[in-house]
Amino acid sequence: MPNLPKGSKRLLNAWAFYDWANSVYSLVIASAIFPIFYQTLFKSAGVSTVSIFGGAIRSTPLISYTTAAAFLVVAIISPLLSGIADYVGNKKNFMKFFCYLGAISCMGLYFFSIESIHISLLFYFGGLIGFWGSLVFYNSYLPDVAFPEQQDRVSARGYSLGYIGSVVLLLFNLGMVMFPEAFGFGEGGEASMKAMRWSFVTVGVWWILFSQYSFYFLPKGNKSGKRVSTKILLNGFKELKSVYGSLSENIQLKRYLAAFFVYSMAVQTVMLVATYFGEQEIAWGADNAKTMGLIISILIIQLVAVGGAILTSRASEKFGNIPVLVVINIIWVGICVVAFFIQEPLEFYITAGVVGLVMGGIQSLSRSTYSKFLPETKDTTSYFSFYDVAEKIGIVIGMLIYGFIDQITGSMRNSILFLVLFFMAGVFLLLRVPRNKNH
């Protein structure tokens, strides 16, 4: 494979292209087709609960608990694996492992059924682990392949490619679901369900196929010349502790991480519950109108997010990363307040457009800002593992708080409104981050 120099156009494009490969999971599986398939599966079977591990549980909390468990696993294993990867210099092999785990698990969702709920949830669990696990190593490559002045733009390029690629496959999958007879699946509801199952297969194939371009050009990793032994199995946790200890020497990074932890908790929660909020709180009318309305909203978010990521990178070049992040968090405050009052589909579409604009921007800029604040080190994977663990723990906390408020108040609107506090705290903490002319 070619040994491309840091900062080269081909290397940057190869890194960013992995977003094109793996983002189909986050859209087709996490946001669009699978949630519809999952709810339809239970509805068509005429059941609302399943027996699992000796107890009965409703379908919605079941998938929520499975998702939360997967995030906890990623948070626990990522420092272990990333530490080993940096130690022996083969982070690309770990990235490949999680990529293939996620892709094959997506294909396994073809067999998802209530009768075999345990193995079915295992496939769902594996897809989530594979997606987020591979991102630990993917994100850690950013300071390895791009110079600081390139990182904002190449990070935005990655997110943009991801949004575009995932929309391309989603539109193809929607064609399969809406017109199953044209694809040889037959007619009626069963044909649409079969088309949804095949859409999960297309996600896995797409993910594996397009990731090969990135794997071909990305370097193997920073070699240490040492082999893995029993002694270093816990090396990743030691490195994580070392990263935590180093924060006291880097006030800028420490304060930024505190701000990121708080506002990312709210951002990720909104992203995970947006579809469910739209389904429960918006007056769509007929079920068909609701399904199409939610899909249209998802597409709006994805398409607008492309422009959001690009605009944010341009704004950060002119005004600095932290000021732009402050403005984005203020916009998120407004979104949550507005979401508390919206009732009609048009209002939801408009809100979805604004969410897409700031969602693409805050994800891209958060990643590149963290990369800029890192000290001079070859141990980039451990630092990004710390970043990833903070994000995942934030997701678990955010989802628990969101669910608790929803449970005691009986309305998702109150939960959304409560997230205002996290974004306001994010603004306050961002203002405490020491700035220089570039940040």
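**Ground rules.** I am working with a predicted model, where local features need pLDDT of at least 70, side-chain atom pairs count only at pLDDT 80 or more, and totals for chains, interfaces and linings use all residues. I number residues from 1 along each chain as its sequence is written, and side-chain values use heavy atoms, with hydrogens and water left out.

**Overall form.** I looked up the secondary structure and found 15 helices and two strands; these are DSSP runs numbered from the N terminus (helices H or I, at least four residues; strands E, at least two). The C-alpha trace spans about 60 × 45 × 45 Å along its principal axes.

Of the contacts between residues at least 6 apart in sequence, 84% join residues at least 24 apart; a contact means heavy atoms within 4.5 Å.

**W332.** Is W332 buried or exposed? W332 counts as buried because its relative accessibility is 0%. I found W332 in helix α11, residues 321-341. Beyond its neighbours within four places in sequence, W332 is in contact with V267, V270, V355, V358, M359, I362 and F423. I also checked M424: it sits 92 residues from W332 along the chain, yet their C-alpha atoms are separated by 9.0 Å.

**Empty space.** Rolling a probe the size of a water molecule over the atoms shows where empty space is left. My search of the whole structure gave one cavity of 30 Å³ or more. Here a cavity is a set of points on a 1 Å grid over the protein atoms alone where a 1.4 Å probe fits but cannot get out, and lining residues have an atom within 4 Å of a point. The largest cavity holds about 40 Å³ of space, the volume being the space filled by probe spheres set on the points, which are joined across faces, edges and corners.

Which residues line the largest cavity? I listed V74, I77, S78, L81, F98, G133, V136 and F137. Helix α2 (59-88) and helix α4 (117-140) each supply at least two lining residues, and α2 gives the most, with four.

Key: On a 1 Å grid over the protein atoms alone, a cavity is a set of points where a 1.4 Å probe fits but cannot get out, and a pocket is an open set with protein on both sides within 12 Å along at least five of seven lines; lining residues have an atom within 4 Å of a point. Buried means under 20% relative accessible area, exposed over 50%, partly exposed in between (1.4 Å probe, protein chains only).
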